[in-house]
Amino acid sequence: MNQTRLRRRISSGFAIAAAFLAAAPFLSAQAQQQHAHVHGQLKLDVAIDGPTVVISMESPLDNIVGFERAPKTDAEKKTAEDAIAQLRAADKLFAIDPAANCKLGPVDLRSSALGLGKPDASEPEGHADLDAAFSFNCTNAAAAKFIDVNLFAAFKGTRQIDAQIASAQGQFKRQLKRPAGAQAAQPVRLSWGK
């Protein structure tokens with residue numbers, strides 16, 4: 001390889017490295033923003049694939065039980081037990097479009113503070129989360145056009161739901177806000193498609 005080519009390759013390598021270094025703060029901020037722990041906000045990812053609908057949820061524990069640590073008092077333990085029972089009965093929290101004919105399948109709950117799943121070493125002290133995956137087995141999952149979400153009624157700390165949906169109709173983002181007054185006790189429809 002001649003000297004000119006070698007210099008160009010080295011120069012090009014330095015340019016690429018410099019670009020990565022310049023982008024690092026932006027990428028780091030973007031990664032932190034994607035995994036931000038914001039009270040009142042809950043994230044849902046809905047995937048419709050073949051005969052299944054899988055709903056993944058990420059939430060600060062405070063949204064679900066009103067505190068962000070292991071329960072200490074009998075009242076807090078009861079609150080946590082009730083919340084876990086509600087989450088395990090996910091077909092009451094998520095009513096999928098009847099056209100899909102879905103039945104609740106496996107429910108996976110993870111929260112270090114509540115002793116669910118494996119402990120998450122990256123979870124900061126005093127800012128516990130609850131992550132969940134709810135699987136629904138359907139006879140016609142592709143027919144689903146909406147999910148009636150009952151999270152606002154079930155968990156008073158939830159004020160906003162940021163949802164991403166991946167279906168045969170495409171990928172969609174939706175944001176649901178807690179309805180005011182008596183409407184907060186009603187399901188909120190998460191819909192997608194054209």
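This is a short walk through one protein chain, from its overall make-up to a few residues.

Okay, the ground rules. What you see is a predicted model, where local features need pLDDT of at least 70 and side-chain atom pairs count only at pLDDT 80 or more, while totals for chains, interfaces and linings use all residues. Residues are numbered from 1 along each chain as its sequence is written, and side-chain values use heavy atoms, with hydrogens and water left out.

So, the overall picture. The chain has five helices and nine strands. Reading from the N terminus, the order is α-β-β-α-α-α-β-β-β-β-α-β-β-β. Of the 194 residues, 34% are buried. Buried here means under 20% relative accessible area, exposed means over 50%, and partly exposed is in between, with a 1.4 Å probe and protein chains only. Now contacts, meaning heavy atoms within 4.5 Å. Among those with a separation of 6 or more, 62% are between residues 24 or more positions apart.

Let's start with β1 and β2. Strand β1, residues 41-49, runs antiparallel to β2 over seven bridges; for two strands to count as paired, DSSP has to find at least two bridges between them. If you want a landmark, look for Leu44, which sits opposite Met57 in β2. The two strands make a hairpin with two residues between them, and Gly50 in the turn has a positive phi of about 60°. β2 also pairs with β5, again antiparallel, this time over nine bridges. There, Thr52 is across from Asn137 in β5.

While we're on β2, which covers residues 52-60, have a look at Ser59 in that strand. Is Ser59 buried or exposed? Ser59 is buried, at a relative accessible area of 1%. Its side chain makes a polar contact of 3.1 Å with the side chain of Asn63. By polar contact I mean N or O atoms within 3.5 Å; within protein, one must be able to donate a hydrogen and the other to accept it, and residues adjacent in sequence count only if both atoms are side-chain atoms. Beyond its neighbours within four places in sequence, Ser59 touches Gln41, Leu42, Ile64, Asp129, Leu130 and Asp131.

Next, the cysteines. How many disulfides does a search of the whole structure find? One, and the cut-off is a pair of cysteine sulfur atoms within 2.5 Å. The partners are Cys102 and Cys138, with their sulfurs 2.0 Å apart. The link is right-handed, with 100° about the S-S bond. It ties together distant parts of the chain, 36 residues apart: Cys102 belongs to strand β4 (residues 102-110) and Cys138 to strand β5 (residues 129-138). Cys102 is buried at 19%, and Cys138 is buried at 9%.

Last stop, the open sheet. Three strands make it up, in the order β3-β6-β9, with antiparallel pairing. β3 (94-96) and β9 (188-191) are at the edges with a single partner strand each, so one side of each has no neighbour in the sheet. From one strand to the next, the twist averages 25°, taken between N-to-C directions on a scale of 0 to 180 degrees, using lines fitted to C-alpha atoms. β3 pairs with β6, residues 146-149, over three bridges, and Ala95 stands opposite Asp148 in β6.

Methods:
Helices (H or I, at least four residues) and strands (E, at least two) are DSSP runs, numbered from the N terminus.
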